[in-house]
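This report goes through selected backbone and packing features of a protein chain. Please keep the sequence and the 3D view at hand while reading.

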Amino acid sequence: DDDGAPEEYDDGGVPIFIARRDDDELVVVSALGHLFSITQDGGKWTYPVYDYRWVPAHEANKRQARTKRFIQAIERASKGATGYVSACDLDMEGSLIAYMVLLNICGEGSLNEAKRMKYSTLTERDLIKAWEEMSPTLDYPLIEAGRTRHEVDWLFGINLTRALSLSLKNASGTFKTLSIGRVQGPTLNFVKEREVEVKTHVPTPFWVIKAETTIEGQRIPLDYAEARIGKKSDARKVVRACKGKDGFISTISTRRVEQPPPPPFNLGDLQREAFSKFRYTPRTTLNSAERLYLSTHISYPRTSSQRIPPTIDVRGILEGLRRRKGYARLAASLLKESKLRPVQGVMDDPAHPAIHPTGAVPGKLSGVDARVYDLICRRFMASLSGPAVRENVSAKVTVDAEGSNNAFFLRGTKLVEEGWIEFYKPFVKEKGSELPKISEGQKVPITSLRSLERYTKPPARFNPGSLLRLMEDEGLGTKATRTDIVDTLFKRGYVKDNATEITDLGFTIVENLERYAPDILSVEMTRSLEEDMGRIQRGEFSRADTITKTVEVLESTLSGFKAHEGHIGSEISGAITREEERSSYLGRCPGCGDGHLRIIVNKKTGKRFAGCSNYFDGKCTTSYPLPQRGRITPTGRSCGECGAPIIKVT
């Protein structure tokens, strides 16, 4: 167009853009993610299977029918092309997507002509820079590593999923997709091991001393020197000796502590923080971050880096944030600094920097996107600020009673310099409170004193955020795949609730894999394959050797599984039956008193309702209609008027 904007036309529902730069006509078309995927090369629906081929995604999966239009549109648009540019995301997935498009649609010869744009934000400045400085060839080591990952994951996934699903079908006649994979297996095992710790924990009693004093009309807690007391008699002895007595401040120590600013977010950090602050699942956070990226408001979110390289125009980003009302004052205060150096975290990613705002001012954001964007912007600004400084005061209070000294402590903290907290304030929990003015030798009355019995607690179950952290720490999966792995555990019914509690089905699968296919749960085996793919990316290892290694592991694993297939299927079938009974139970029937109300699905209409378990014996006809959509959860409470169970519908 005369104004320089690209022309757009529609080719069978696929948007195509025509632009001109210098003497070149540029044809720009999107790939809609992976247009090619792996499928079995002949044979029946059984296992083991090691023969595969890459095919158009719609041929491998009917649900990918939309990809056919994109393949056809790219084929038409590429006719007569004299050059090719990969402008997909700068990671394994993006590199592989472009490679497969060029190889299978444009022809093998296109690979010799192809160049590579590299960018992490979709701003005009960065895109022009990426165009002007593009690589003369595709990033083949990254492509090879991405291709290997897909093929290895397909081999594990197809064989183990079929082994589990067929064991159930052959044992019970019931078909249910039961997936497991080289990353999913160890991850589920983590959840199972934590559940064993929780269930086998034996609570041990201990006692704590709770005390208070009053200074200048202010009630202040007194911490006893021993956080835990092992014997009830010892705790009572302290209370008996000190109750109603006065203590004296024997020493006061003051310490200034610097809290360095946090580094900018990588994807895992962002997902954990969003779960902590808003209870957003990792998938919800990732989807929001990708929307913000595609609308040019943040950099590429699928990164493991906590670093902002010097090539990023930090001052320009702040100038952009200053135009947004909520950040105007904060951004302006940072721009006064002569040098702006973001805190650099430990983790790095050669493909992408840490997640940061681009400076492009968004229109009106709301809901999840507004909150996630606010987190990213404030964390970015906080990383550019100085440390927060606290003054911590600890005063030892000695109570001389019954010939012995009992020590208590007054503790207070004061924020002396806000530093980075000023920028991240909505998401920082204030710790402790400031003490009133005190001095050594001052009398401190013990106004309240008691001993309380407590019990040791089991370790906390994982939540989606802490499970992602563990996967990251153990080197399982990638920043691009971990969210999908956690989602799959929930989707298959292996875990439930935000506490990520393992279900009977999940527990049964792990136990059987432990007995008959332990390699699938091995962190070391999975980590070894991840390291191989890292070596492929560095040009130190071959894809063929990695595939050979994968097949060897699977042959050993599947032979052990096959020998016990009947037993495994029977145990899984029993777990599914128990899980279905548990999930359908709503509470005691108020009609007959001894039956149970359950969720029942009408075989003719497919609609669900609540009915009594005694109905089929002709003893009770009590029933209730239910909402046809949503998850139904019993609350354990009953209506005070009619006695029917109260349920929650989500």
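Between which two helices does the loop with Arg279 lie?

The model is predicted. Arg279 sits in the loop that runs between α9 (267–278) and α10 (282–294). Its phi is positive, about 60°, although Arg279 is not a glycine. Just after α10, Thr296 also takes a positive phi, of about 70°. Most residues other than glycine have a negative phi.

The length of α10 can be checked against its residue count. With 13 residues at 1.5 Å a residue, α10 should span 18 Å, and its end C-alpha atoms are 18 Å apart, so the two values agree.

## The buried side of α10

Which residues of α10 are buried? They are Pro282, Thr285, Leu286, Ser288, Ala289, Leu292 and Tyr293. These residues cover an arc of only 165° around the axis, and therefore lie on the same side of α10. Among the elements that cover them are α9, α13 (367–383), α15 (464–474) and α16 (482–491).

Leu32 is found in the loop between β3 (24–29) and β4. Phi of Leu32 is near 55°, a positive value in a residue other than glycine. Is the Leu32 side buried, exposed or partly exposed? Leu32 is partly exposed, with a relative accessible area of 33%, because this value falls between the 20% limit for buried and the 50% limit for exposed.

The loop between β4 (36–40) and β5 (52–56) contains Pro48. A cis peptide bond joins Tyr47 to Pro48, with omega about 0°. Most peptide bonds are trans.

## Nonpolar cores

How many residues does the largest nonpolar core have? It has 76, and the residues with the most contacts inside it are Leu35, Phe156, Leu178, Leu188, Ile509, Leu513 and Ile572. Helix α6 (residues 140–172) gives the most to this core, with 10 residues. In soluble globular proteins, nonpolar side chains tend to be buried together.

Leu35 shows what such contacts look like in one place. Leaving aside residues up to four places away in sequence, Leu35 touches Val55, Pro56, Ala57, Thr67, Phe70, Ile71, Ile74 and Val101.

How values were computed: Residues are numbered from 1 along each chain as its sequence is written. This is a predicted model: local features need pLDDT of at least 70, side-chain atom pairs count only at pLDDT 80 or more; totals for chains, interfaces and linings use all residues. Side-chain values use heavy atoms; hydrogens and water are left out. A nonpolar core is a set of buried Ala, Val, Leu, Ile, Met, Phe, Trp, Tyr and Cys residues joined through side-chain atoms within 4.5 Å. Buried means under 20% relative accessible area, exposed over 50%, partly exposed in between (1.4 Å probe, protein chains only). Helices (H or I, at least four residues) and strands (E, at least two) are DSSP runs, numbered from the N terminus. Contact means heavy atoms within 4.5 Å. The expected span of a helix is 1.5 Å times one less than its number of residues. The arc is that of the directions from the helix axis to the C-beta atoms.
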